[in-house]
Amino acid sequence: MRTMDSTAPFRVMGVVNVTPDSFSDGGRYLDAEAAVAHARELEAEGADILDLGGESTRPGAASVAAAEETRRVVPVIEALVAGGARAQISVDTSKLTVARAALDAGATYVNDVTAFRHDPGIAELVAERGADCCLMHMLGEPRTMQRDPRYDDVVSDVKAFLEERLAFAVAAGIPEERIQLDPGIGFGKTVEHNLELLGRLEELAALGRPLLIGVSRKSFLGRITGREVGDRLAATIAANLLAFLHGASVFRVHDVGPVRDALEVAAATVRQTWLTTTTRPTSSTTTSTTS
Ligand code: HH2
């Protein structure tokens, strides 16, 4: 079983939406064969995790029955496992029965945008199976979340929420090292809330768990750049790099190859800076020879 490699500087999670209505790629991979082919492409581009979703969480999205969601994602997971997928397989769901069927089929990661609030039993399931999980912040529910979201201080409020959900997950028996946290960019947040969260991720990193960030193609990038959803790659890369520099380490994206390249460069630069600053004799020596 492939699980988290905590020594890697970052991990890229490729999005595979097996839905008719996802905001950026709805309907493109609804057919299981198309979804499997797309997942393989993302793996070839360097995805460490493949996140399979059978229900859209975009604002106003209709909810999907558990049986239909299972029917969409399980055959894709089975085919990927049978084909010897190298990447870890994640299921993006808030429903216990869907999560169980996905883990039975070979997934080892549950990405729950309700952080186990919709179906608290998922926490015991994840604990029993020794799976990894992501707990995400969302204000309200997808149908209503973008109606005038308000916070006292968005970063402190999200941090308190994630701290409480982390404690809940640990109390259910999930080891801390299996848990990643996500501020839920775009889930009950204005453009300003999203930007403030991205710029103050260090405060969330203080909770001691890896931070997962999902900014890919999202509407706040369109609001800033004026670009349509299919033309937000540059904005997506910029936001992911910024998140990396502020402490995020798992990046949920549609465009795995380009984002991975950008993160490799950022990680190499940070490493190099660290090496040169720590191996230099002393900063005063350097200053004196250059002045
Ligand atoms: N964003 C989306 C879905 N799932 N999971 C986590 N942990 N973090 C996110 O930011 C996140 C998520 C929305 O993106 P997408 O899957 O492309 O769209 P849709 O929900 O319309 O299928």
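Contact is defined here as heavy atoms within 4.5 Å, and helices (H or I, at least four residues) and strands (E, at least two) are DSSP runs numbered from the N terminus. The structure is a predicted model, in which local features need pLDDT of at least 70 and side-chain atom pairs count only at pLDDT 80 or more, whereas totals for chains, interfaces and linings use all residues. Residues are numbered from 1 along each chain as its sequence is written, and side-chain values use heavy atoms, with hydrogens and water left out.

The strands form an open sheet of 8 strands in the order 6-5-4-3-2-1-8-7, with parallel pairing, where two strands are taken to pair if DSSP finds at least two bridges between them. Strand 6 and strand 7 (212–213) are the edge strands, each pairing on one side only. Strand 1 (residues 11–17) runs parallel to strand 2 (residues 49–53), to which 5 bridges join it, and it is also joined by 4 bridges to strand 8 (residues 250–253), again in the parallel sense. Strand 2 in turn pairs in parallel with strand 3 (residues 88–92) over 5 bridges, and Leu 52 stands opposite Val 91 in strand 3.

Two right-handed β-α-β units involve strand 2: strand 1, helix 1 (residues 32–44) and strand 2 make one, and strand 2, helix 2 (residues 66–82) and strand 3 make another. A crossover is called right-handed if, with the strands pointing away from the viewer, the path from the first strand over the helix to the second runs clockwise. Elsewhere in the sheet, strand 5 (residues 132–136) and strand 6 pair in the parallel sense over 4 bridges, with Leu 181 of strand 6 as the bridge partner of Leu 135. The chain crosses from strand 5 through helix 5 (residues 154–171) to strand 6, in a β-α-β crossover that is also right-handed.

In a regular strand the side chains alternate between the two faces of the sheet. In strand 2, Ile 49, Asp 51 and Gly 53 point one way and Leu 50 and Leu 52 the other, and all are buried, where buried means under 20% relative accessible area, exposed over 50%, and partly exposed in between (1.4 Å probe, protein chains only). In strand 6 (residues 179–182), Ile 179 and Leu 181 point one way and Gln 180 and Asp 182 the other, and all of these are likewise buried.

A nonpolar core is a set of buried Ala, Val, Leu, Ile, Met, Phe, Trp, Tyr and Cys residues joined through side-chain atoms within 4.5 Å. The largest such core has 75 residues, and those with the most contacts inside it are Leu 52 and Phe 116. Helix 5 contributes the largest share of this core, 7 residues. A second, separate core of 6 residues includes Met 13, Ile 49, Tyr 109 and Leu 212. When neighbours within four places in sequence are left aside, the residues in contact with Leu 52 include Val 16, Val 18, Val 73, Val 76, Ile 77 and Leu 80, together with Ile 89, Ser 90, Val 91 and Asp 92.

In helix 3 (residues 96–105), the buried residues are Leu 96, Val 98, Ala 99, Ala 102, Leu 103 and Ala 105. Their cover includes helix 2, strand 3, strand 4 (109–112) and helix 4 (121–129). Gly 106, whose phi is positive, near 125°, follows helix 3.

Around the ligand there are 19 residues, of which Ser 22, Ser 56, Thr 57, Asp 182 and Lys 218 come nearest; a residue is counted as near if one of its heavy atoms lies within 4 Å.
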